[in-house]
Amino acid sequence: MCGIVGYIGEKQAKPILINGLLRLEYRGYDSAGIATIEKTGIKCIKNKGRVAELNNNSNINSLEGTIGIGHTRWATHGKPSSTNSHPHLDNSGNFAVVHNGIIENYADLRDFLKSHNYNFLSETDTEVIPNLIHFYYESSKSNSKNRFLQAVSNACKMLKGSYAIEVLSSYYPDNMVVVRKDSPLVIGKGFNENYISSDIPAILSFTKDFYLLNDNELAFMSRNSIEFYDENIKPIQKQAKNITWDAGSAEKDGYPDFMLKEINEQPKAIRETIGSRIAVNSKSVLPDLEINKTYLKSINKIFIVACGTAMHAGLSAKTIFENLCEIPVEVEAASEFRYRNPIINKKTLCLFITQSGETADTIAALKLAKSKGSKTIAVSNVVGSSISREADFTLYTHAGPEIAVASTKAYTSQIVLLAIIAINFAENLEINKEKSEELKKDILLLPSKIEEVLKNTDKIKNFAQKIYKEKDVFFIGRGIDYTVALEGSLKLKEISYIHSEAYPSGELKHGPIALIENNVTVVSILTNRLLVEKSVSNIQEVVTRGAKTFIVTNQELNHDFDEVIRIPKTNTLISPILSVIPLQILAYYISKEKGLDVDKPRNLAKSVTVE
Ligand code: M6R
């Protein structure tokens, strides 16, 4: 969480930093700040609230300088306040730091620094960093640039936890040092100017050439040079990567919010994710996945591990893998998996799903699986993200940048890619050829079917206008529809703050039905022909108790319900890709009716890089 941005060049840094922070605000938005180096030294302006408030801060217009750092915060240690906002300065005022991550041993480091007469103004973990840098800087005699670099490196060696850090020093008015460990940081290379950011889209309008730092690597930057070092200050070489994303894809493109844009981008995201990976009557093509047949035949269990919406994609994929590959699949939240000593050995394959590729728990779970001898596959949307540097294989969804905190196109693209992986496995295992061929045909038809589903938008919006004041909403479904109920319920609660629960339809009468009373809304997903009668009976049970019903279905129903959204028929295994869309739209319009900030819901951040 938190976004950091930096600029070193010939232009005024302030507008570039503000622009970058506005794009990174999805990572956290409870306070913001920037610092630049002026003739008189480091100047820092920060406040509680969003980047827009920082931009309106009466002092900001006086901020000058062509080198600067910026931060938008998602509070972990210390409540949102001006004092706790970044940048943080050391006691001498000669070092300024912005930090994304958590310093776990900050209390010990504070005590250590206090014993050397350092004082602390904030309640944050970050404030130890500039002071440690100052401490090491002062204990060195050298006068070279290495003194700055060495001081940052020595300070980092004291830190336990995760960090992406940018450091300014008034002793080095033409330089900046950046370093990362377990938190994202990219460097954009320009002409006589360089950029730093937590993610690529925030600075994509300035450059397309990026360097990705690995854990514990540092960069010493000037306007026209970037030198890379390992943790022992040994120089290392890096190649810039050219990013092909179009800068416009990180803009709203005329939509009022990123979420609505991203919902509507799903046909394209799915088309691009399929790419040339599958075609009817030919073998699937996954060049990034060199899994041989003998290995695959030895596998007796697959774990799918992820968080939030990505985990819901995994729950849907479980059914696909078990059907096509006939290997048992267990799906687990990364934050649980990593703390329960799961039984993993060489016969276990572990798959990790993460849009950002930066989710701390998912990365830690992958490291655990690897240490126990499992092969690891990551499914991510961000090229070069941290998880791709840890996994044995990384396969990318090509959904384009997802900016809204609520995940939409990443989820549907993940299910498509997982289905293609399952097809690839079945081909290698030489089983279920017919089923795979059927599924391929259905996958290829998805983009046009999603366009059909999107035509229901006005109808769904009308229903949202009827129910947006409700306190509780229930989502039900059976089989794979239940996994969609979970996702619909998460979408609603995260952006509309309405309490919602998802249950398997058959579980209602084992307890939850006690909560159903007059006018409560029950959303039901019904896509499996074999389960339709049983599911309709469950819906009748809630109708009898006064519930309002919103049904998403591709089946013929001979009953009257309050609202029925008809979606095209498809293979049940991939039905979540169609049935989730009305639920995304419903959550979106309920949030809009309530006048909420759809893209940046309270208390949340897009990338959860803390555990
Ligand atoms: O980047 P990741 O896919 O690893 O993120 C996982 C979750 O934090 C994410 O899906 C979250 O649940 C979304 N806000 C849901 O819309």
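K238 forms a salt bridge with E217, and their closest N and O atoms are 2.7 Å apart. A salt bridge here is a side-chain nitrogen of Lys or Arg within 4 Å of a carboxyl oxygen of Asp or Glu. The model is predicted: local features need pLDDT of at least 70, side-chain atom pairs count only at pLDDT 80 or more, and totals for chains, interfaces and linings use all residues. Residues are numbered from 1 along each chain as its sequence is written, and side-chain values use heavy atoms, with hydrogens and water left out.

**Salt bridges**

- The pair of K238 and E217 links distant parts of the chain, 21 residues apart.
- K238 is in the loop between strand 14 (235-236) and strand 15 (241-242), while E217 is in the loop between strand 11 (209-212) and strand 12 (218-221).
- Helices (H or I, at least four residues) and strands (E, at least two) are DSSP runs, numbered from the N terminus.
- Side chains of opposite charge can pair when their charged atoms come close.
- The whole structure has 30 salt bridges.

**Ligand surroundings**

- The ligand is surrounded by 14 residues, the closest being T354, Q355, S356, T359 and E494; a residue counts if one of its heavy atoms lies within 4 Å of the ligand.
- By class, this shell holds five nonpolar, seven polar and two charged residues. Nonpolar means Ala, Val, Leu, Ile, Met, Phe, Trp, Tyr, Cys and Pro, charged means Asp, Glu, Lys and Arg, and the others, Gly among them, are polar.
- Helix 9 gives the largest share of the shell, three residues.

**Ligand contacts and burial**

- An oxygen atom of the ligand lies 2.6 Å from a polar side-chain atom of S356.
- An N or O atom in the side chain of T359 is 2.4 Å from an oxygen atom of the ligand.
- For S407, a backbone N or O atom lies 2.8 Å from an oxygen atom of the ligand.
- Taken alone the ligand exposes 410 Å², and the protein buries 90% of that; accessible areas come from the Shrake-Rupley method with a 1.4 Å probe, and for residues only the protein chains shown count as cover.

**Backbone exceptions**

- Most residues other than glycine have a negative phi, and most peptide bonds are trans.
- The peptide bond from H86 to P87 is cis, with omega near 0 degrees; P87 lies in the loop between strand 4 (67-73) and strand 5 (88-89).
- N117 is not a glycine, yet has a positive phi of about 70 degrees. N117 is found in the loop between helix 3 (106-114) and helix 4 (128-138).

Key: Polar contact = N/O pair within 3.5 Å; in protein donor to acceptor, adjacent residues only side chain to side chain.
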